[in-house]
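Welcome! Let us take a short tour of this protein, starting with its database record and then turning to its parts and how they meet.

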Amino acid sequence: MKAIAYFKNLPADHPEALQDITVADPVPGDRDLLVEVRAISVNPVDVKIRGNRKPKDGQPEIIGWDAAGVVRAVGAKTSLFKPGDRVWYAGALTRPGANSELHVVDERIVGAMPASLDYAQAAALPLTTITAWELLFDRLRVLDNHAPSQRSLLVIGAAGGVGSILVQLARQLTGLTVIGTASRPETQAWVRELGAHHVIDHTRPLTEELKRIGFEHVSDIAALTHTDTHFPQIAEAIAPQGRVALIDDPAALDVRLLKSKSASLHWEFMFARPLHDTPDLIAQHELLNQAARLIDNGTLRTTLGEHYGKINAENLRRAHAFIESGKARGKVVLEGF
């Protein structure tokens with residue numbers, strides 16, 4: 001099968017940073033699906049791993065953790081899908097990624113693809129939807145209902161992949177007041193379009209921006225990017241007994257800044273369940289199925305921002321470079337081999 005891989009940790013603009021290769025078709029295990037990959041999207045985790053995870057000597061490293069495609073075969077102990085089913089998923093960090101024509105994945109972290117989306121539109125969503133859903137409902141413990149709430153959610157980096165779906169989930173499924181941050185006119189417009197009640201500029205002090213729109217504090221903060229830079233302002237902006245959740249990799253945080261407010265800090269890492277084979281692993285299958293229903297009934301929409309063409313090394317290198325630029329709005333998708 002065709003695949004895209006790297007053999008050395010190189011900058012995205014290097015011609016060998018990602019290469020077109022041919023490898024043997026994978027074989028599904030007992031709980032696996034063999035999926036014909038139709039579309040993929042690119043996430044910051046792809047960029048981080050391409051730059052930092054060293055391949056075994058002479059062995060290709062295939063990455064990519066967002067895919068939509070068609071089930072071609074199933075393992076002996078599967079029960080959730082059959083050949084011909086359209087699926088979407090993010091995969092697991094401990095297995096080869098989905099930048100390949102065929103891919104094997106545990107069915108318990110796979111969902112039935114939304115009927116109303118094409119493959120490119122669907123591939124934009126799995127990793128970020130799982131991340132945003134777990135952050136909102138599992139980490140911040142927000143109630144999944146529309147009851148009026150005194151709680152307010154500040155989403156730092158709301159125009160990115162996770163922010164684009166988190167804003168929708170919070171606005172459509174909860175009673176929170178949703179405040180997104182974005183720094184450019186086009187990204188600010190995007191965040192408003194997705195449903196944020198207010199949009200502020202994260203290049204300015206967050207507390208000043210919040211006061212400008214009438215907020216002294218917020219009860220919940222989703223720190224999606226540059227958390228170490230924003231953390232002093234986060235600690236000032238969070239309400240007493242509030243909750244902060246983050247997804248990025250800050251070098252260091254002075255969590256003592258949260259003590260006087262009894263504020264809590266939560267990590268969200270959507271790969272935790274498959275990485276540790278948790279007893280509730282199937283929750284990601286159920287989550288993706290529920291998200292698909294919400295898309296099909298018009299509650300949620302795809303976050304596809306840019307379509308970079310066919311799945312090949314050249315286009316994927318361009319996509320990685322764009323993600324590294326920090327200018328992405330929504331998700332970057334590639335489709336077809």
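UniProt, in an unreviewed entry, lists residues 16-334 as "domain: Enoyl reductase (ER)". In this predicted model, the span 16-334 is 32% helix and 24% strand.

**Two domains**

A separate view of the chain divides the protein into domain 1, made of 1-126 + 275-333, and domain 2, made of 130-269. How far apart are the C-alpha centres of domain 1 and domain 2? They lie 27 Å from each other.

**Where the domains meet**

Now look at the interface. Here 22 residues of domain 1 are in contact with 21 residues of domain 2. Between them, domain 1 and domain 2 bury about 1800 Å², and 65% of this area is on carbon and sulfur atoms. Which residues of domain 1 lose the most area to domain 2? They are Leu 287, Arg 301 and Arg 329, which together account for 32% of what that side buries.

There are polar links here as well. Between domain 1 and domain 2, the count is 7 residue pairs in polar contact, with both residues at pLDDT 80 or more. On the side of domain 1 that touches domain 2, helix α9 (residues 283-296) gives the most, with 6 residues. The residues on that side of domain 1 divide into 12 nonpolar, 5 polar and 5 charged.

**Salt bridges**

How many salt bridges does the rule find across the interface of domain 1 and domain 2? The number there is 2. For the protein, the count by this rule comes to 23 salt bridges. Two pairs to find in the structure are set out below.

| Salt bridge | N to O distance |
|---|---|
| Lys 48 and Asp 249 | 2.7 Å |
| Asp 30 and Lys 77 | 3.9 Å |

The pair of Asp 30 and Lys 77 links distant parts of the chain, as the two residues are 47 residues apart. Asp 30 sits in the loop between β2 (19-22) and β3 (32-42), while Lys 77 sits in the loop between β4 (67-74) and β5 (86-89).

Key. Residues numbered from 1 in each chain as written. Predicted model: local features only at pLDDT ≥ 70, side-chain atom pairs only at ≥ 80, totals over all residues. Heavy atoms only, no water. Domains from an automatic or database assignment. Contact = heavy atoms within 4.5 Å. Buried area = accessible area lost by both parts, 1.4 Å probe. Salt bridge = Lys/Arg side-chain N within 4 Å of Asp/Glu carboxyl O. Polar contact = N/O pair within 3.5 Å; in protein donor to acceptor, adjacent residues only side chain to side chain. Helix = DSSP H or I, 4+ residues; strand = E, 2+ residues; numbered from the N terminus. Nonpolar A, V, L, I, M, F, W, Y, C, P; charged D, E, K, R; others polar. UniProt positions renumbered as here; feature names shortened; annotations may be inferred.
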